[in-house]
Amino acid sequence: MDTFVEDFHSKQDVERMQYEPFGRTGLKVSRVSFGTGTFSQLYGDLDEAEALESVKVAAKRGINYFDTAPFYGQGRSEEVLGKALRQIPRQAYYVATKVGRYERDFERMFDYSAVKTRESVEKSLQLLGVDYIDVVQIHDVEFAPNLDIVIQETLPTLEALRSEGKLRFIGVSAYPLAVLKEIISKAPGRFDTVLSYCRNTLFDDALKDYIPFFEDNNLAIICASGHGMGLLTNGGPQPWHPTDQQMKTVCKEAAEYCKGAGVELGKLAMYHCIQMAGPATFLAGMQTTALVDINLDAFLNGLSEKEAEVLAYLKERIITKINNTHWEGVELKAYWAAMKEVK
């Protein structure tokens, strides 16, 4: 396995991990991958020492794909991940970051210009402490004033940076699946990876309809946030979660049922998510070693009889109560309304 390092890895764990071809890139990535949106204020106060340890433990146990973005804590996530990666042999991991989405303030949230794209990648290289980034993804392209800006400015800038050796592969992310299909169709052969999040969960299985299209385009499919950005965990979502109150209420009922049964909803959600065929890797936000253990346990060991029973009950009796299975358009509407006010 290309990322195995003899004196660093736990050989037993690496042998149990599954590594999948990453689209046409030639890379092989761990079936479970590590998201660091959690390394920011978006997910509450961060215990940095614990976060650093969680990255190291994950890497030693065979996770070789780590994802971050400038938007996560305005560089905080990249900075913390960079500190962790300095303790890990470069051969042992692939690191992915993003461009396009930056700050929480609406006016400065998005910038898909060529100048900002180059500046962002240079800054990411510094914060991550690497000579090159394996994958740079264009973040949440549905927020661009139009996709032409992404195709005419952001994408060519990343291609130039790739030719300079500063990045290896180029990806795209968005919440609306139709937008992903549209931009991939408009720039055939120019993307290597596609990231879809919260679209393969206990309440939304829309990703499955797009898998054939992504596969036809030889893209590495990254399936992120099987936990629905915290909705499907015993702890519940953050206050900013964009979904409606009805979904939050049903997911809370599911969490309460799990707590009563002594089961972690997050493990059931991860287990359900990773059953899908097609994605190369399943990306989960983690900021503690306990979460690394839970997500790896779901993949490596599956569910106990009791956990399987609880999951079956949730699928039959609770999750089915959800009215709207997604929140597409909610954030977009809020963003453009806010931008109108600014002008």
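Helix α5 bends by about 25° at leucine 155, with a proline, proline 156, following within four residues. The model described here is predicted. The helix covers residues 147-163, and its 17 residues reach 23 Å from the first C-alpha to the last, close to the 24 Å expected at 1.5 Å a residue.

At the N-terminal end, α5 is capped by asparagine 146, a side-chain oxygen of which lies 3.1 Å from the backbone nitrogen of aspartate 148. Just after the helix, glycine 165 takes a positive phi of about 85°.

The residues of α5 that are buried include Leu147, Val150, Ile151, Thr154 and Leu158, and Leu155, where the helix bends, is also among them. The buried residues pack against the strands β5 (94-99), β6 (133-138) and β7 (167-174), and against the helices α4 (114-128) and α6 (177-186).

| Space | Volume | Lining residues, among them |
|---|---|---|
| Largest cavity | about 50 Å³ | Glu142, Phe143, Tyr175, Pro176, Trp327 |
| Largest pocket | about 1,100 Å³ | Gly37, Tyr43, Ser225, Met229, Trp240 |

In the largest pocket, which is lined by 47 residues, Gly37, Tyr43, Ser225, Met229 and Trp240 lie nearest the centre. At least two lining residues of this pocket come from each of β8 (193-197), α9 (265-273), β10 (281-285), α10 (289-301) and α12 (330-342), and the largest share, four residues, is supplied by α12.

How values were computed
Residues are numbered from 1 along each chain as its sequence is written. This is a predicted model: local features need pLDDT of at least 70, side-chain atom pairs count only at pLDDT 80 or more; totals for chains, interfaces and linings use all residues. Side-chain values use heavy atoms; hydrogens and water are left out. The expected span of a helix is 1.5 Å times one less than its number of residues. The bend at a residue is the angle between axes fitted to the seven residues ending there and the seven starting there. Buried means under 20% relative accessible area, exposed over 50%, partly exposed in between (1.4 Å probe, protein chains only). Contact means heavy atoms within 4.5 Å. A polar contact is a pair of N or O atoms within 3.5 Å; within protein, one must be able to donate a hydrogen and the other to accept it, and residues adjacent in sequence count only if both atoms are side-chain atoms. On a 1 Å grid over the protein atoms alone, a cavity is a set of points where a 1.4 Å probe fits but cannot get out, and a pocket is an open set with protein on both sides within 12 Å along at least five of seven lines; lining residues have an atom within 4 Å of a point. Grid points are joined across faces, edges and corners, and a volume is the space filled by probe spheres set on the points.
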